[in-house]
Amino acid sequence: MSRTLLLTGRDLTRQDFAGVVLGGRRVGLHPDARRAMIASRRVVERMIREKRVVYAVTTGVGSLSTEHIDPAQARQLQLNVVRSHCCGVGDPLNVPETRGLLLLRANTLAAGLSGIRPRVAELLGAMLNHRLHPVVPSRGSVGASGDLAPLAHVARTLIGEGEVTVDPGLSLRSRPQSAATALKQAGLKPLALEAKEGISLVNGTQAMLSVGLLALARAEILADTADVAGSLSLDALRGSPVAFDERLQRARPHPGQIESARNIERLNRGSTIRESHRGCGRVQDAYSLRCMPQVHGAVRDALAFARRTFEIEMNSATDNPLVFTKEGEVLSGGNFHGQPVATALDVIAIALTQLGGISERRTDRMVNPLTSDLPPFLASVPGIESGLMMTQVTAAALASENKVLAHPASVDSIPTSGNKEDYVSMGMAAALKLKQVVANTASILAIELLAATHALDRLAPLKTGILAEKARLIARRVARPLKEDRPHAPDIAGVTEQVLRGEYAGVLELTGAKIAIDN
């Protein structure tokens with residue numbers, strides 16, 4: 001991880017992304033990428049000399065692409081593109097999102113299909129290495145010609161305008177300062193944009209993709225956490241493990257279903273609670289228990305789809321036009337359009353809404369006196385005490401909010417740029433609402449973990465499975481046993497932090513309970 005990551009535009013991985021964005025790994029430009037960029041730059045310069053018509057080089061942009069530009073004005077055009085596209089509003093992207101944006105943009109330019117100088121990609125990398133993070137407003141992108149406004153705010157700092165923060169901690173932003181001042185203090189020289197470099201900096205999907213990659217990493221943690229929480233709830237409600245039998249899963253072999261069933265079955269091995277009711281007359285459990293493999297598994301498969309989409313996008317050329325050196329051609333297309341990413345972002349939001357929904361139902365079953373044999377709302381003295389009554393209300397509120405947020409942004413469109421860009425992806429809108437769905441779902445799972453932990457106390461001295469017990473003890477680090485009514489918000493916040501740090505998901509990783517599916 002300490003070695004410099006050399007960008008090629010071809011082989012960036014999610015592990016690389018995390019190492020740079022969250023771990024501060026340094027980046028540079030691979031020699032092969034430098035050569036490819038130089039070669040494509042020569043094609044652009046030749047076309048300028050020959051006064052060829054090239055979009056955004058010798059023409060205007062958007063609906064003004066019919067306006068021809070004198071080659072002598074090529075540099076001014078690029079500067080104007082950057083400045084005029086800085087129209088973002090709202091809270092700025094956080095530090096990891098901004099670092100991801102810088103890395104992804106540098107990588108796509110490193111592919112050598114943009115026709116710009118290597119120095120542009122190198123300056124993006126240098127800003128990462130010096131931890132200079134542009135202040136990028138989060139709203140204002142419709143995800144059509146890519147994330148134009150967010151990328152323009154990044155590009156503006158490269159030319160010594162706008163604001164950046166210097167953030168050694170890679171988490172919280174410091175006070176914004178002039179980009180010109182910060183670049184000078186870091187020993188970096190601002191760019192003087194050449195032909196095509198402005199448009200190459202603002203065309204692409206890297207803002208929505210950066211937010212999406214970070215959200216996906218958390219979503220994967222939540223999928224594992226849901227199996228852990230579900231295993232605790234299963235025992236707390238004296239559920240049957242029969243529904244997780246491998247034979248049932250192989251009869252309908254969706255990979256995610258098989259994985260979740262295996263996780264839950266292994267987590268509950270060694271449960272003395274299970275042995276205590278093996279001879280009971282109950283034949284089947286409620287769907288929120290019995291169908292965990294099918295629901296959790298569908299979430300896993302949805303995340304796998306998003307993962308494949310994002311991994312392709314990470315190493316795609318999303319500029320326009322693109323330069324093909326071998327043929328000496330410059331082609332205008334639509335690789336900047338965010339639809340593939342927008343669709344994947346919406347799929348994640350829908351999947352997590354399902355995950356939070358079934359988790360809330362399990363919480364309800366544990367506190368509801370109509371659906372369990374546990375004390376009403378797990379209160380020590382029901383009536384005078386309310387126990388966890390309101391924690392379920394909070395979970396219900398978040399689950400319902402998720403249902404609103406799960407409405408796909410990617411099915412919407414609104415014409416822009418004089419109707420030239422007449423069908424847009426709304427990918428950044430999908431990314432921003434996904435962040436809230438992730439946060440809500442983490443809290444819903446935290447509430448289930450708390451409820452299950454307190455419910456299992458009521459079944460002592462019987463214990464849950466050996467691995468599930470490890471998870472219960474993690475919750476106990478921040479939530480003491482429920483002896484009397486108390487504010488639950490601190491417990492929910494503490495367990496939510498544990499969830500997002502991957503502590504419950506780590507029970508699967510550290511014990512070897514999570515295994516690859518050999519379908």
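The model is predicted. Helices H5 and H6 pack at an angle of about 90 degrees. Three strands form an open antiparallel sheet. The structure holds 33 salt bridges.

**Helix packing: H5 and H6**

- Helix H5 spans residues 118–129, and helix H6 spans residues 148–158.
- Their axes lie 11 Å apart, at an angle of about 90 degrees.
- The two helices are therefore roughly perpendicular to each other, because angles of 65 to 115 degrees fall in that class.
- H5 brings Leu123, Leu124 and Met127 to the contact.
- H6 brings Val154, Thr157 and Leu158.
- Of these contact residues, five are nonpolar and one is polar. None is charged.

**Sheet: S4, S6 and S7**

- The strand order is S4-S6-S7, and the pairing is antiparallel.
- Strand S4 (132–134) and strand S7 (177–178) are the edge strands. Each pairs on one side only.
- Strand S6 covers residues 163–166 and pairs with S4 over three bridges.
- Leucine 132 has valine 166, in S6, as its bridge partner.

**Salt bridge: arginine 25 and aspartate 16**

- The side chains of arginine 25 and aspartate 16 meet in a salt bridge, at 3.5 Å from N to O.
- Arginine 25 and aspartate 16 are both buried.

**Salt bridge: arginine 300 and glutamate 259**

- Arginine 300 forms a salt bridge with glutamate 259, and their closest N and O atoms are 3.5 Å apart.
- Arginine 300 sits in helix H14 (residues 292–314), while glutamate 259 sits in helix H11 (residues 255–267).
- The pair therefore ties together parts that are 41 residues apart in sequence.
- Both arginine 300 and glutamate 259 are buried.

**Salt bridge: arginine 476 and aspartate 457**

- The side chains of arginine 476 and aspartate 457 meet in a salt bridge, at 2.2 Å from N to O.
- Arginine 476 belongs to helix H18 (residues 466–476), and aspartate 457 belongs to helix H17 (residues 427–457).
- The link therefore ties together parts that are 19 residues apart in sequence.
- Arginine 476 has 18% relative accessibility, so it counts as buried. The cut-off for buried is under 20%.
- Aspartate 457 has a relative accessible area of 24% and is partly exposed.

Notes:
Residues numbered from 1 in each chain as written. Predicted model: local features only at pLDDT ≥ 70, side-chain atom pairs only at ≥ 80, totals over all residues. Heavy atoms only, no water. Axes fitted to C-alpha atoms, helices over the stretch in contact; angles between N-to-C directions. Helix = DSSP H or I, 4+ residues; strand = E, 2+ residues; numbered from the N terminus. Parallel < 35°, antiparallel > 145°, perpendicular 65-115°, else oblique. Contact = heavy atoms within 4.5 Å. Nonpolar A, V, L, I, M, F, W, Y, C, P; charged D, E, K, R; others polar. Pairing = 2+ DSSP bridges. Salt bridge = Lys/Arg side-chain N within 4 Å of Asp/Glu carboxyl O. Buried < 20%, exposed > 50% of the residue type's maximum accessible area, 1.4 Å probe, protein only.
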